[in-house]
Amino acid sequence: MNFDVIGIGNAMVDVISPAPDTFLDQMGITKGIMQLIERDRAELLYASMSERVEAPGGSVANTIAGIGELGLQTAFIGKVKDDALGRFYADALDKAGTAFPLAPQQVELPTSRSMIFVSPDGERSMNTYLGAGADISSADVPDVFGTGLLFLEGYLFDKDDGKTAFSEAAGKMKAAGGRSAITISDPFCAERHRADFKRLIAEDMDVAIGNAAEWRTLYETDDLDAALRQAAEVCDIVACTRSGEAVWVQRGFERFTADVTPVTPVDATGAGDQFAAGFLYGICTGAALDVAAAMGVMCAAEVIGHMGPRPEANMMAAFRSAGLV
Ligand SMILES: Nc1ncnc2c1ncn2[C@@H]1O[C@H](COP(=O)(O)OP(=O)(O)O)[C@@H](O)[C@H]1O
Ligand SMILES: O=C(O)C[C@@H](O)[C@H](O)C(=O)COP(=O)(O)O
């Protein structure tokens with residue numbers, strides 16, 4: 001089957017709970033970013049959650065699920081253990097119509113999970129316990145390449161096998177006549193792997209997506225405009241989300257924008273992921289870049305209006321009402 005979009009990312013169950021900022025301070029949690037935690041701390045944070053909601057997450061998986069809901073043929077390659085969380089995860093993708101070619105595995109590490117605390121201002125602070133999902137290597141990536149789009153997750157750069165798997169998959173995608181895209185995922189991930197990110201974006205990526213902090217960190221500058229221009233010298237389409245401010249998309253010397261109406265999110269988890277869903281849907285269906293960015297903004301606006309990282313509303317109907325399709 002030729003998939004329109006294939007994602008490779010860290011398969012992760014999100015455990016989400018509201019929490020005041022004083023709780024973040026008490027627990028030593030840095031607000032607004034993804035921090036990696038060990039098993040003991042994961043258990044402590046899990047036990048301290050007042051009202052837990054468990055939802056299938058994982059940054060690229062969220063995007064792929066969103067694109068699948070919009071009607072494209074999608075597959076997500078991610079690793080879960082054959083445990084309760086892993087089966088829940090695989091089922092959720094299946095129900096949403098996204099193929100999940102790697103069946104839950106008999107592996108030692110449990111399914112990855114992220115304890116996410118949502119502050120009263122809607123900001124999310126992720127505490128991620130890397131389990132089975134972080135161990136993706138080339139051997140786990142089935143031959144599903146074709147003329148569609150491959151979408152990769154920066155978080156998997158934290159392991160060398162992940163980096164190798166990405167380069168190989170992007171190479172196979174190109175050979176099959178497809179394109180590749182990446183989300184930078186997190187400023188600290190960009191800091192840890194700057195040279196490798198830059199090389200992958202320059203050599204193998206057709207589209208790169210990040211938020212303002214990620215692009216500034218990657219290019220070691222406070223000048224966001226300059227960072228995007230540098231990226232666009234080596235990558236065809238470069239997108240930058242800026243929270244409540246307009247999205248910027250750079251192609252060569254051209255700048256496209258999509259306006260954002262600032263709100264206080266109910267839960268900002270998945271904002272960047274659902275922006276990517278709408279934006280990549282637009283790119284895959286041949287929309288103009290300003291229209292693709294507007295689709296991304298609509299998907300992000302929907303997901304920050306409720307708890308959880310995946311869409312609850314029918315976004316295709318929303319695109320139609322807005323005249324985007
Ligand atoms: N406060 C906000 N008001 C309105 N839209 C927002 C807000 N925060 C995020 N968004 C939407 O989510 C997108 C991604 O948000 P951003 O914070 O830039 O990325 P990330 O979630 O990856 O950190 C934005 O482009 C915007 O469309
Ligand atoms: O990957 C993680 O550590 C957490 C994910 O499960 C989470 O759903 C996520 O990445 C949210 O993304 P964002 O809020 O769009 O950055």
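Biologist: Let me start with S125: is it buried or exposed?

Modeller: The relative accessible area of S125 is 0%. The cut-offs, with a 1.4 Å probe and protein chains only, are under 20% for buried, over 50% for exposed, and partly exposed in between. At 0%, S125 therefore counts as buried.

Biologist: What kind of model are we looking at?

Modeller: Residues are numbered from 1 along each chain as its sequence is written, while chains are lettered from A and ligands numbered from 1 in the order in which they are written. Side-chain values use heavy atoms, leaving out hydrogens and water; local features need pLDDT of at least 70, side-chain atom pairs count only at pLDDT 80 or more, totals for chains, interfaces and linings use all residues, and this is a predicted model.

Biologist: Back to S125, then: in which strand is it found?

Modeller: Contact means heavy atoms within 4.5 Å, and, leaving aside neighbours within four places in sequence, S125 contacts residues including L24, K31, M115 and F117. Helices (H or I, at least four residues) and strands (E, at least two) are DSSP runs numbered from the N terminus. By that numbering, S125 is found in strand 7.

Biologist: Which elements each supply at least two residues of the shell around ligand 2?

Modeller: The shell takes in residues with a heavy atom within 4 Å of the molecule. Around ligand 2 there are 19 of them, with D14, G58, R124, T128 and G270 the closest. At least two residues each come from strand 2 (12–18), helix 3 (59–69), strand 7 (124–129) and helix 10 (271–284).

Biologist: How much of ligand 2 does the protein bury?

Modeller: Polar side-chain atoms lie 2.4 Å from an oxygen atom of ligand 2 in the case of D14, and 2.7 Å from an oxygen atom of ligand 2 in the case of R124. A polar backbone atom of G272 is 3.1 Å from an oxygen atom of this ligand. Areas come from the Shrake-Rupley method with a 1.4 Å probe; taken alone ligand 2 exposes 410 Å², and the buried part of that is 96%.

Biologist: And how much of ligand 1 is buried by the protein?

Modeller: Oxygen atoms of ligand 1 lie 2.8 Å from a side-chain N or O atom of T241 and 2.7 Å from one of S243. V263 brings a polar backbone atom 2.9 Å from a nitrogen atom of ligand 1. Taken alone, ligand 1 exposes 550 Å², of which the protein buries 86%.

Biologist: Which elements give two or more residues to the shell around ligand 1?

Modeller: Ligand 1 has 16 residues around it, and N211, T241, S243, V263 and G272 come nearest. Two or more residues are given by strand 11 (237–242), helix 10 and helix 11 (289–303).

Biologist: How many residues are in the largest nonpolar core?

Modeller: A nonpolar core joins buried Ala, Val, Leu, Ile, Met, Phe, Trp, Tyr and Cys residues through side-chain atoms within 4.5 Å. In the largest, F76, Y89, I209, V249, F279 and L280 touch the most other members. Leaving aside neighbours within four places in sequence, L280 is in contact with residues including I67, L149 and V207. The number of residues in this core is 46.

Biologist: Why does Q250 count as buried?

Modeller: Q250 sits in strand 12 (residues 245–251). A polar atom of its side chain lies 3.1 Å from the backbone oxygen of G252. Q250 counts as buried because its relative accessibility is 0%.

Note on methods. A polar contact is a pair of N or O atoms within 3.5 Å; within protein, one must be able to donate a hydrogen and the other to accept it, and residues adjacent in sequence count only if both atoms are side-chain atoms.
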